[in-house]
Amino acid sequence: PKAGEFRTIEIQREQEKNIIICNYCRSPSNNSSLFMNILEDFLVKVNRHRNKIIPFLGDSNINLIDYGSSDHCTEFMDKMNEHSFAQLISHPTRITDHSATLIDHIFTNVCHNVTRSGIISDSDMSDHLATFTCLLTDRDKIAKKLTFEVPGNTPGRVINNDTTNTFKTNIELTDWNFVLDLDDAEEKLNAFLNKYEALYNEFFPKKSKKRLRRSVSKPWMLKWLECAFHRKNLLYHKFVKFPTLENKSKYTRMKKKKVLCVDTTA
């Protein structure tokens, strides 16, 4: 019997690094030790293309949450790390009322290309949650990201001509003699920085922006049917976040009702 399946596709690009997408799958009934051996051989072949962009994704039915306590999980992660692949998904991808496992993975050999990754919990097309990642593939954009993304920058401040001029005026009007009254040089520096920071936060305050979810119009769908889909999705999202028997029961009933609604309109 097969221990696992591996598939690859290479995207050829002119004047840019090629992209090799690797996909794997292992049934929970397959021999995990044999899968590890095949994986090792596959990684050795992939390693010849390490200068290319390689997303490595699939369902191994190995729960990465068990890293350190499961020999198979630890061996699997160590093999991937040994070949310079980093795991991007950190949340469970299969959730039931009695378990939560991380068995759907996305690895990459170019972490600095990653702009976003995670799971999609608003879909119930499968008993597994969908995983995704977004990668920068244009080298100019990658260079810009590496150059200008400085850790520690604080987004969301209101900085414009008006706030800047007000800040400058208050800096000039501030009596800084209290700094000179201190004897220790370090105390003087800390006093100056604390006052400067207080003025900066006062005239360039942080502004948190609440991202509103865009509501997509569906003119082809009856309003009551659209509401049924929306309620079903809300209950599914609640079950994924709080996987209790009660939430599962509510979601299952609503899902059956939604199917009945669709059949009624067909």
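Modeller: The protein averages a pLDDT of 83, and 84% of the residues score at least 70. pLDDT is the predictor's confidence in each residue, from 0 to 100. This is a predicted model, so local features need pLDDT of at least 70 and side-chain atom pairs count only at pLDDT 80 or more, while totals for chains, interfaces and linings use all residues. Residues are numbered from 1 along each chain as its sequence is written, and side-chain values use heavy atoms, leaving out hydrogens and water.

Biologist: Where does pLDDT stay under 50?

Modeller: Over residues 148-154. The model has 3 contacts (heavy atoms within 4.5 Å) for them beyond four places in sequence.

Biologist: Now helix 6. Which residues are buried?

Modeller: Ala191, Leu199 and Phe203. Buried means under 20% relative accessible area, exposed over 50%, partly exposed in between (1.4 Å probe, protein chains only). Helices are DSSP runs of H or I, at least four residues, numbered from the N terminus.

Biologist: Why are those three on the same side of helix 6?

Modeller: Because they cover an arc of only 85° around the axis. The arc is taken from the directions from the helix axis to the C-beta atoms.

Biologist: And the other side?

Modeller: Glu186 and Asn194 are exposed there.

Biologist: What covers the buried residues of helix 6?

Modeller: The cover includes helix 4 (161-173) and helix 5 (177-180).

Biologist: Which residue caps the N-terminal end of helix 6?

Modeller: Asp184. One of its side-chain oxygens lies 3.0 Å from the backbone nitrogen of Glu186.

Technical notes
Helices (H or I, at least four residues) and strands (E, at least two) are DSSP runs, numbered from the N terminus. A polar contact is a pair of N or O atoms within 3.5 Å; within protein, one must be able to donate a hydrogen and the other to accept it, and residues adjacent in sequence count only if both atoms are side-chain atoms.
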